Amino acid sequence: MTVTKETLIGEILREDQTTAPYFFEMGMHCLGCPSSTMESLEEACMVHGVPVEPLVEKLNSHMTK
């Protein structure tokens, strides 16, 4: 799976649950909440005031190991 800014958080977590710490790092602690899993990475980053591109890079790097 390649993560983009349009990828839903729920899709990322279903693919690889070990990505959860990256979301916790950005202040997103409500990963079990239905609305959070339906947000795109870009939407979540906007809400939490985090730039999306560095997170996309981190997630893709992590998931390809």
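This is a predicted model: local features need pLDDT of at least 70, side-chain atom pairs count only at pLDDT 80 or more; totals for chains, interfaces and linings use all residues.
Residues are numbered from 1 along each chain as its sequence is written, and side-chain values use heavy atoms, with hydrogens and water left out.

The protein chain holds five helices and zero strands. Helices are DSSP runs (H or I, at least four residues), strands are E runs of at least two, and both are numbered from the N terminus. The radius of gyration, taken over C-alpha atoms, is 10 Å, close to the 11 Å that the globule rule (2.2 Å times the number of residues to the power 0.38) gives for 65 residues, so the chain is as compact as a globular protein of that length.

Of the 65 residues, 40% count as buried. Buried means under 20% relative accessible area, exposed over 50%, and partly exposed in between (1.4 Å probe, protein chains only).

Now take helix H4. Its residues 41-48 include the buried Leu41, Ala44 and Cys45. These cover an arc of only 100 degrees around the axis, so they sit on the same side of H4. The arc is that of the directions from the helix axis to the C-beta atoms. On the face turned away from this buried side, Met46 and Val47 are exposed.

Just after H4, Gly49 takes a positive phi of about 65 degrees.
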